[in-house]
Amino acid sequence: MVPPWADDQPGAPIPDAPPKRFQAFRTSFGKYLKSGDSGDLRRSLGHYARTSTGGSGVGPRRFGSVYTTGGQLYDVLNSLGGDGVTAAAQGLSPASLAGQPLDVVCQRLAEALAPENGDSDRIRAAIDEAMLEVLGQGDFDPDELDAETINRILGEYLSQSIFQEIVEEVGGSWASAPDEQRTPEAEAELLEVIRVVVDENLGNRLGDANNMTQADVHRFMREAVTEVWREWESYDD
């Protein structure tokens, strides 16, 4: 249930995966695609947290690479908005990035930070989507990277990482969508649900912290995902 490269508790026991662990999740999500009923979406997330991913004691372990890269992303963005030293050591000096199209800057960040493992593509996409969502489509200005903006990017990055994982695990149930328009609508609705619960559980942790380190961001993201899983576990059938 937890790929070895992604496990943030390597060596800790992992329970055996139950048979057909995605079945209830995918069935409920298929109903949601057809009905548009938020209750069906809640039920599907409940099944995803409880059964598909092993509950709050196991599921959050799946995002170890996401947490680690999140801490690195914070360090680089904080540096770009400050003296630039840490970012320059990653080949990302403020002078080389300022005024560049934002999509180019996103690509540079992803190349520098994404791990070389099975989560690489997801993390690259999460960095890209988070930067574009918060900063827009214009040219990059390091001066925009104040603490509030960086925290918004981190929250969006974590939301996008969870979103991509769930979208992939839905699998063939996407075929339950009654028409082509329903799929992007459902994706947007799912992403917004994830954003809300991530903000509730990560936003205060980031906002209340001073002089954060990579380790702090890693811990805050891990704690937030655990709380998200606990909330989803409580969603009844």
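**Reading the helices and core of a predicted model**

The largest nonpolar core has 66 residues, and those with the most contacts inside it are Met131, Ile162, Ile166 and Trp232. This is a predicted model, in which local features need pLDDT of at least 70, side-chain atom pairs count only at pLDDT 80 or more, and totals for chains, interfaces and linings use all residues. Residues are numbered from 1 along each chain as its sequence is written, and side-chain values use heavy atoms, with hydrogens and water left out.

Q: What makes a set of residues a nonpolar core, and which helices supply at least two residues of this core?
A: The term covers buried Ala, Val, Leu, Ile, Met, Phe, Trp, Tyr and Cys residues joined through side-chain atoms within 4.5 Å. H1, H2, H3, H6 (102-113), H7 (120-135), H8, H9 and H10 each supply at least two. The largest share, 10 residues, comes from H8. Helices here are DSSP runs (H or I, at least four residues), numbered from the N terminus.

Q: Why is Ser52 called buried?
A: Buried means under 20% relative accessible area, exposed over 50%, and partly exposed in between (1.4 Å probe, protein chains only). Ser52 has 0% relative accessibility, so it counts as buried. Ser52 lies in helix H2. Leaving aside residues up to four places away in sequence, Ser52 touches Met1, Arg21, Phe22, Phe25 and His47, where contact means heavy atoms within 4.5 Å.

Q: Why is Asp16 called exposed?
A: Its relative accessible area is 73%, so Asp16 is exposed. Asp16 sits in the segment before helix H1 (23-35).

Q: How do you know that the end-to-end distance of helix H10 agrees with its number of residues?
A: The expected span is 1.5 Å times one less than the number of residues. H10 (residues 214-233) has 20 residues and should span 28 Å; its end C-alpha atoms are 29 Å apart, so the two agree. Among the buried residues of H10 are Phe220, Trp229 and Trp232, and what covers the buried residues includes H2 (38-52), H3 (64-80), H8 (147-170) and H9 (182-207).

Q: Which residues does Ile166 touch, not counting residues up to four places away in sequence?
A: Ile166 touches Phe25, Leu45, Tyr48, Leu190, Ile194 and Trp232.
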